[in-house]
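Here is a short report for someone meeting this structure for the first time. Take a look at the model, then read on.

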Amino acid sequence: MSCLGGFRAITKEALDRLREVPRADRVPDYLDEEMEQEDLYDLDKAWDAIHRCLTGGRLEYGNAPAPGCWVILGGEVLRGDREGEEDYIVVCKSPGQVRQVSQFLEGLTEEAFRKLYFAIDPEAYGFELSGEDFEYTWGYLADSLPFWKNAAEKGLYVLFDVDQ
């Protein structure tokens with residue numbers, strides 16, 4: 001399992017078309033080939049630690065604590081939270097959530113994020129916490145700021161998707 005994740009900025013029209021697609025078909029073939037996207041940002045495998053940092057170490061769906069939870073698994077779950085959907089996750093953030101995430105991330109310092117990262121339970125994370133993994137995780141999050149800012153300015157929805 002590769003567990004590669006990323007963001008896709010889309011319009012309301014693209015989201016409406018996605019909602020018409022059966023949940024079983026909301027997978028990479030559709031997202032990569034059929035859905036119009038305004039912007040993309042790849043997170044590689046950093047999404048897991050990013051989410052844990054911003055949600056008190058938990059790797060679960062939910063909308064608290066906002067707005068940090070909305071970066072990865074918070075928002076409207078379009079695929080992944082039902083039986084038989086374990087192979088692929090798609091979560092949608094509304095334009096309002098995107099604006100709040102953008103503002104939140106602009107104010108998040110590396111020092112504050114470092115504290116959040118090293119507070120993760122390594123056993124729950126499944127990996128040893130290290131300076132190298134922190135830099136990898138922080139690098140992907142920090143480099144996503146232009147993506148979030150652009151999506152917020154344009155009033156776009158953001159999908160997070162990951163293959164499990």
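## A loop residue to start

Ser130 has a relative accessible area of 24%, which makes it partly exposed (buried means under 20% relative accessible area, exposed over 50%, partly exposed in between, with a 1.4 Å probe and protein chains only). This is a predicted model, in which local features need pLDDT of at least 70 and side-chain atom pairs count only at pLDDT 80 or more, while totals for chains, interfaces and linings use all residues. Residues are numbered from 1 along each chain as its sequence is written, and side-chain values use heavy atoms, with hydrogens and water left out.

Ser130 lies in the loop between α6 (122–125) and α7. Helices (H or I, at least four residues) and strands (E, at least two) are DSSP runs, numbered from the N terminus. Setting aside neighbours within four places in sequence, Ser130 is in contact with Tyr117 and Phe118 (contact means heavy atoms within 4.5 Å). Ser130 and Phe118 are 12 residues apart in sequence, and their C-alpha atoms are 8.2 Å apart in space.

Axes are lines fitted to C-alpha atoms, for helices over the stretch in contact, and angles run from 0 to 180 degrees between N-to-C directions.

## Helix against helix

α4 also packs with helix α8 (residues 145–154), at an angle of about 145° and with the axes 8 Å apart. The crossing of α4 and α8 is left-handed, a term used if the near helix is turned anticlockwise from the far one by less than a right angle (right-handed if clockwise). On the α4 side, the residues that meet α8 are Val98, Arg99, Val101, Ser102, Leu105 and Glu106. Leu145, Trp148, Lys149, Ala151 and Ala152 meet them from α8. The residues of this contact divide into 7 nonpolar, 1 polar and 3 charged. Here Ala, Val, Leu, Ile, Met, Phe, Trp, Tyr, Cys and Pro count as nonpolar, Asp, Glu, Lys and Arg as charged, and the others, Gly among them, as polar.

## An enclosed helix

Is helix α3 buried or exposed? In α3 (residues 47–54), 8 of the 8 residues are buried, so the helix is largely enclosed by the rest of the structure.

His51 sits in α3. With 1% relative accessibility, His51 counts as buried. Not counting residues up to four places away in sequence, His51 touches Arg58, Leu59, Glu60, Cys69, Ile72, Leu73 and Gly74. Just after α3, Gly56 takes a positive phi of about 70°.

## Salt bridges

The structure holds 13 salt bridges. The term means a side-chain nitrogen of Lys or Arg within 4 Å of a carboxyl oxygen of Asp or Glu.

| Pair | Closest N and O atoms |
|---|---|
| Asp87 and Arg79 | 2.5 Å apart |
| Lys115 and Glu111 | 3.8 Å apart |
| Glu135 and Arg114 | 3.5 Å apart |

Glu135 in helix α7 (residues 131–143) and Arg114 in helix α5 are 21 residues apart, so this pair links distant parts of the chain. Glu135 is partly exposed at 41% relative accessibility, and Arg114 is partly exposed at 33%.

Lys115 and Glu111 lie 4 residues apart in helix α5 (residues 110–118), so about one helical turn separates them. Lys115 is exposed at 57%, as is Glu111 at 55%.

In the remaining pair of the table, Asp87 is partly exposed at 45%, whereas Arg79 is buried at 3%. Elsewhere, Lys12, Asp16, Arg19 and Glu76 are linked in a network of salt bridges.
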